[in-house]
Amino acid sequence: EGVRKAVEEALSQQEEELEAQKEEYLKTYTASHLQEFIDGIADSVNTPYISTGFDKLDEVLKEMPQVREDLGYPPLVTPTSQIVGSMAVMNVAMGRYKMIPREVKELIRGRYGKTAGPINPEVRKLAIGDEPVIDHRPADDIKPQLKTMRDRLDEAGYPGLSVEDVLSYALFPDVALNYFRSHR
C-alpha cells in the first residue's frame with residue numbers, strides 16, 4: 001500500500017512537471033511560428049514599415065480576431081488564414097486598413113466564396129467602395145472548357161484521348177503535348 005501511494009505521488013508530480021513544460025513549449029512554439037509567419041509577410045509585402053524582428057506580436061494576436069470578424073469570419077484555412085494574418089500585420093504596422101491588399105479585396109468581393117458572417121460595411125466601403133459583390137458560387141462564372149480542349153487536341157493530331165489526358169493538357173499544355181508526342 002505504501003509503495004503504491006509513493007508511485008502514484010511520483011507519477012502525479014511528473015505529470016504536473018510535464019504539463020508545465022508543455023505549456024512553456026506551446027508558448028514558445030506559437031510565438032516563434034507567428035514570428036516566422038510575420039517575417040514571411042514582410043518578405044512578400046516588401047515594405048519598410050514591416051521588418052524582420054517585428055516586435056508587436058501581442059498587438060497582431062489581438063488584431064487577428066478583429067480582422068476575422070471584419071472580413072465575415074472566413075475559415076482559418078489556406079488561403080484565407082494567410083489573408084486574415086497578413087491584414088492583421090498590416091493593420092498593426094501601418095494603421096487599420098490603411099493598405100488593403102488585392103486578396104482582401106477579392107475576399108470582400110466574394111471571390112473566395114460566401115463568408116460565414118457579414119463583412120463589416122465600413123471595411124467593405126474602404127476596400128471596394130460601391131463595387132458589386134458576388135452573390136453566387138464564383139466557379140459558376142467559369143465557362144466549360146472540356147470541349148475546347150478536346151478540339152485543340154484533335155487539331156494537334158491527338159483525337160479520342162481519355163478525360164485524364166485532356167485534363168493533363170488543360171493544366172499543363174506543353175508538358176502534355178511533349179508526353180503525347182513521345183508516347184503515342
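**Figure 1. Right-handed crossing of helices H2 and H3 in the predicted model.** In this predicted model, helix H2 passes helix H3 in a right-handed crossing. Helix H2 covers residues 57-70, and helix H3 covers residues 80-94. The axes of H2 and H3 lie 8 Å apart, and the two helices pack at an angle of about 120 degrees. H2 and H3 are therefore oblique to each other.

**Figure 2. Residues at the contact of H2 with H3.** From H2, the view shows Glu59, Val60, Glu63, Met64, Val67 and Arg68. These residues meet Val84, Gly85, Met87, Ala88, Val89, Asn91 and Val92 of H3. Divided by class, the residues of this contact are 8 nonpolar, 2 polar and 3 charged.

**Figure 3. The loop between H2 and H3.** Two residues of this loop are shown, Tyr73 and Pro79. Tyr73 is a residue other than glycine with a positive phi, the value being near 60 degrees. Pro79 is joined to Thr78 by a cis peptide bond, for which omega is about 5 degrees.

**Figure 4. Left-handed crossing of helices H3 and H4.** Helix H4 is formed by residues 102-109. The axes of H3 and H4 come within 10 Å and cross at roughly 120 degrees, which makes H3 oblique to H4. H3 passes H4 in a left-handed crossing. On the H3 side, the contact is made by Thr80, Ile83 and Met87; on the H4 side, Glu103, Val104 and Leu107 take part. By class, this contact has 4 nonpolar, 1 polar and 1 charged residues. Met87 of H3 takes part in the contact with H4 and also in the contact with H2.

**Figure 5. The largest pocket of the model.** The space in this pocket amounts to about 220 Å³. The pocket is lined by 16 residues, of which Gly113, Lys114, Thr115, Val133 and Ile134 are the closest to its centre. By class, the lining consists of 7 nonpolar, 5 polar and 4 charged residues.

Definitions and conventions
Residues numbered from 1 in each chain as written. Predicted model: local features only at pLDDT ≥ 70, side-chain atom pairs only at ≥ 80, totals over all residues. Heavy atoms only, no water. 1 Å grid on protein atoms, 1.4 Å probe; cavity = no way out; pocket = protein on both sides within 12 Å on 5 of 7 lines; lining within 4 Å. Points joined across faces, edges and corners; volume = space filled by probe spheres on them. Nonpolar A, V, L, I, M, F, W, Y, C, P; charged D, E, K, R; others polar. Axes fitted to C-alpha atoms, helices over the stretch in contact; angles between N-to-C directions. Helix = DSSP H or I, 4+ residues; strand = E, 2+ residues; numbered from the N terminus. Parallel < 35°, antiparallel > 145°, perpendicular 65-115°, else oblique. Left-handed = near helix turned anticlockwise from the far one by under 90°. Contact = heavy atoms within 4.5 Å.
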